[in-house]
Each structure stands twice: as structure tokens, then as C-alpha cells.
Amino acid sequence: MTDDLRDQVHAAARRARVAADELVLATRERKDTALHAMAAALRERAPEIIEANAKDLEAGRAAGLPDGILDRLALDDARIEGVAKGLETVAGQNDPVGEVLRGGILPNGLELKQVRVPMGVVGMVYEARPNVTVDAAGLALKSGNAALLRGSSTAEHSNTTLVAVLRDALESVHLPADCVQLLPCHDRASVTHLITARGLVDLVIPRGGAGLINAVVEQATVPTIETGVGNCHVYVDAHADLDMAEAIVLNAKTRRTSVCNAAESLLVHKDVADEFVPRVTKALQREDVTVHGDERFARQPDVVTATDEDWGTEYLSLDIAAKVVDSLDEAVKHIATYGSGHSEAIVTNDVTAARKFTARVDAAAVFVNASTAYTDGAEFGMGAEIGISTQKLHARGPMGLSELTSSKWVVWGEGHTRPKA
């Protein structure tokens, strides 16, 4: 069975390579036409997609999936419209393929250009988020890559239907359906075969919880980009506007709890703690948020005493860890110890404090007087995104089209030969 599954995954990768070889020659117009066709097909076949999604939701509830996971899994007309618009936004963006990064003419007359090129075959391993199926397919297509998608079994019906819709749309505009393929999801060995298919797959991007990401990064022989886990902090400085701070904390925590840019930790400077701690605690509790607080926060009614585990937890639920700190330096140290390198925010009217925070905090996105909820490809003007990279190599932060490309040097000569040493 394992050999059969490996052969199945490798065969899909070979088909993807053939599709990628054709896609690399596709004009921007041809790719954009395909993206619009995909968006139109999603809208037209929305009832079919929602019906398939209902089966996944029913199975998820029966299996006792947490509310946060069920929220990530759910599709409705509004969310389908959102991913369709994301594809159209990607279609409206510049094609990164062929972009000249640098170059010039050497003194000997050789003309050099470093240009963006597709990665080739890109594998995605992700959990119960069927919207990722569409986002990944669209971004891969526009950047000239073929996508191998390995979603979770919790979204099997949704992903199967979505990929069928996208493949039909590709064929309708005479592009290879194998630009988008869905891999088997019931056996974890399919992930292993994907992430070790060196020579067949050029890049793997895991998107999901810490367990999934760590397993892929540790076992992969194919290059990987880490994405996703978000233990995001909001730090309320001594010089914060407390009305602004309350609004930002509530938005970052409660806008949507199941996403990686949701705030999971709150840090409050001691100079504003007497006023802000009771105020923000009551505001969070009005939104049904359970506060896991240190000694200062635990003095408030209905606050759960925080444990060491709370400081490093990505709750993905209506929970938040909260602590009073003595200084900005302590806040930065706390974030360095427990943060995941995703998104961090400071609320302050002190420019010096803001500059110190943004310089010292090591994260993909650092906000001053704004909610961490803005760490998102669409909000950053990228349209759809393939994930939020929390590593430092090649891509960091929301990953759009450019982050799905590599580069090559193209050198033009006129019979140039290099002299012997």
C-alpha cells in the first residue's frame, strides 16, 4: 500500500512537471484569463461547493472538532465570493515572471540580467482550511507554478469539489488541468512521499498548527518554507492612548479567533496598569474572552490564573494570556521568549518607544498603533496569499506572487570566451 501511494504521489508530481513546463511559457493574458475563469466557476458552482462543505462540517462536529477548526473549515456564499475576488485581485497584479531584478553590461560587453522565474512544482500541506486550496492554486498559477495540494481529511469533500471546479476552469481556457492536483489525504504517508520527492518537487509549504509545520520541516528533503503559527502579542505602552489600546486589543483578539494573526497575549506597562487592566479585562469578558492573567490581572473577577504554558499557547479560541510588565524592555524580552515570529504590536504615542520596539522585536510583521489582524496578503495588497512565512530565508510575512518565484541569470554574449588563467 505504501509503495502504491508513493507511486501515486510521484506520478502526480511528474504530471505537475509537465504542466509547469507548459505554464512557464504562458503569457500574462493567458494566465489572467484562467484566473477569471476559475473565479467565475467558483461562483457558478457555489451550491455544489457548499453542499460538499456541509458533509465535512457534519463529520467534523461528529468528531468533536473545536469551534475554531470548524470556523476555518466552513464555507458559505460570502467566503466563496471572497476567494473568487482574491483570484481576480491576483489577476490584476503584475506578473512576476520575467521581472528583471538587477543587471547591466559588463566592461567586456556581456549583458547580464537576473530575472524572476517560477519555482516549478510547489507542494502545499495544510489543515482544515479549504480556502487555502483556492488561494494556493491561484497564486501558483499566476507565478507560473504547478500546485500539488495535500489538504486534511477533515476537508476532503470540500477540497475534492474545489479542485474539480478549478481543473474544469483551466481546461475551459486550454491550460493543463494538472496545474492543480489534489493528493490523497487519508494516509499521512502521502505527506512523507511529497516532502521527500526531491527532484520531482521544488518547494513544499506547510500551513497549519505547530505539529504539522514541525513534522514537515524536520522530515522534508525538499526545500520548505515555514508558515503559520501565531502567538501574537499586543503591548500597551506607558504612553498609550487607552481608548485606542482597548479597540486594538479587542479587534486583534475577537475579530476572528481561528486565524494565525489573532492576538493570543496582552502585555500592559505597569504605569497604565491600574487604569487599563480592569478596563480591558471587562471589555474582553463582555466579548466572552477568558483572560488567563498574571498576579495583577488575576485580581480582577473571573480571571483565570495563568500558567507558564499559557504564555506560549496559540489558543485559536476566545482566550488570551495577559501580563503586566515593568518596562518596554521586559515586553520585548517576553515576546522574544514566547513569540512565534509572526506578528507583534505596540500601542504608544511615544515615537522613541515605537522605534525601539520595531527595531528590537524579531517578527515577520511589527505594528505600531494597529491590530495584528492586518497581517494578511489581501490587506497588504497581494490579493490571495499562500501563507504567512515566519522564517527568515527567501520569504517572510505574507507570501504573494513574488515569494513563489526564484531567479536565474540570463547572460547574452557575442561569441565571448573567457581567457585561460
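Biologist: In what order do the seven strands of the open sheet lie?

Modeller: One point before the answer: this is a predicted model. As for sheets in general, strands pair through backbone hydrogen bonds, either parallel or antiparallel. Here the order of the seven strands is β10-β9-β11-β8-β7-β12-β13, and the pairing is parallel. The sheet is open, with β10 (304-305) and β13 (365-368) as its edge strands, each pairing on one side only.

Biologist: How many bridges join β8 to β11?

Modeller: Five bridges link β8, residues 263-269, with β11, residues 319-325, and the two strands run parallel.

Biologist: Which strands does helix α10 lie across?

Modeller: Helix α10 (residues 242-254) lies across β7 (232-236), β8, β11 and β12 (343-347). Its direction is at about 170° to β7.

Biologist: What is the strand order in the open sheet of four strands?

Modeller: That order is β5-β4-β3-β6, again with parallel pairing. At the edges are β5 (180-182) and β6 (203-207), and each of them pairs on one side only. On average, neighbouring strands of this sheet are turned by 20° against each other, direction ignored. Strand β4 (residues 146-150) is joined to β5 by three bridges, and Ala-147 stands opposite Val-180 in β5.

Biologist: Which strands of this sheet do helices α6 and α9 lie across?

Modeller: Helix α6, residues 130-142, lies across β3 (121-126), β4, β5 and β6, and runs at about 165° to β3. Helix α9, residues 210-219, lies across β3 and β6, at about 160° to β6.

Biologist: Now the helices. At what angle do α3 and α7 pack?

Modeller: Two packed helices are described by the angle between their axes and the distance between the axes. For α3 (residues 46-62) and α7 (residues 156-172), the angle is about 160° and the axes are 7 Å apart. Angles over 145 degrees count as roughly antiparallel, so α3 is roughly antiparallel to α7. On the α3 side the contact is made by Glu-48, Ile-49, Ala-52, Asn-53, Lys-55 and Asp-56. The α7 side contributes Glu-156, His-157, Ser-158, Thr-161, Leu-162 and Val-165. Sorted by class, this contact has four nonpolar, four polar and four charged residues.

Biologist: How do α2 and α3 cross, and which residues meet there?

Modeller: The axes of α2 (residues 28-44) and α3 come within 5 Å and cross at roughly 65°. The two helices are therefore roughly perpendicular to each other. Leu-42, Arg-43 and Glu-44 of α2 meet Ala-46, Pro-47 and Ile-49 of α3. This contact has four nonpolar, no polar and two charged residues.

Biologist: Which element gives the most to the lining of the second largest pocket?

Modeller: That is α9, with five residues. The second largest pocket has a volume of about 400 Å³. Of its 16 lining residues, Glu-127, Arg-150, Arg-188, Val-191 and Leu-212 lie nearest the centre. Strand β3, helix α8 (189-195) and α9 each supply at least two residues of this lining. The classes are seven nonpolar, six polar and three charged.

Biologist: How many cavities of 30 Å³ or more are there?

Modeller: The count is three. The second largest cavity has about 40 Å³ of space. Its lining consists of Arg-72, Tyr-126, Glu-127, Ala-128, Arg-129, Val-132, Arg-207 and Gly-208. These divide into three nonpolar, one polar and four charged residues.

Technical notes. Residues numbered from 1 in each chain as written. Predicted model: local features only at pLDDT ≥ 70, side-chain atom pairs only at ≥ 80, totals over all residues. Heavy atoms only, no water. Axes fitted to C-alpha atoms, helices over the stretch in contact; angles between N-to-C directions. Parallel < 35°, antiparallel > 145°, perpendicular 65-115°, else oblique. Contact = heavy atoms within 4.5 Å. Nonpolar A, V, L, I, M, F, W, Y, C, P; charged D, E, K, R; others polar. 1 Å grid on protein atoms, 1.4 Å probe; cavity = no way out; pocket = protein on both sides within 12 Å on 5 of 7 lines; lining within 4 Å. Points joined across faces, edges and corners; volume = space filled by probe spheres on them. Pairing = 2+ DSSP bridges.
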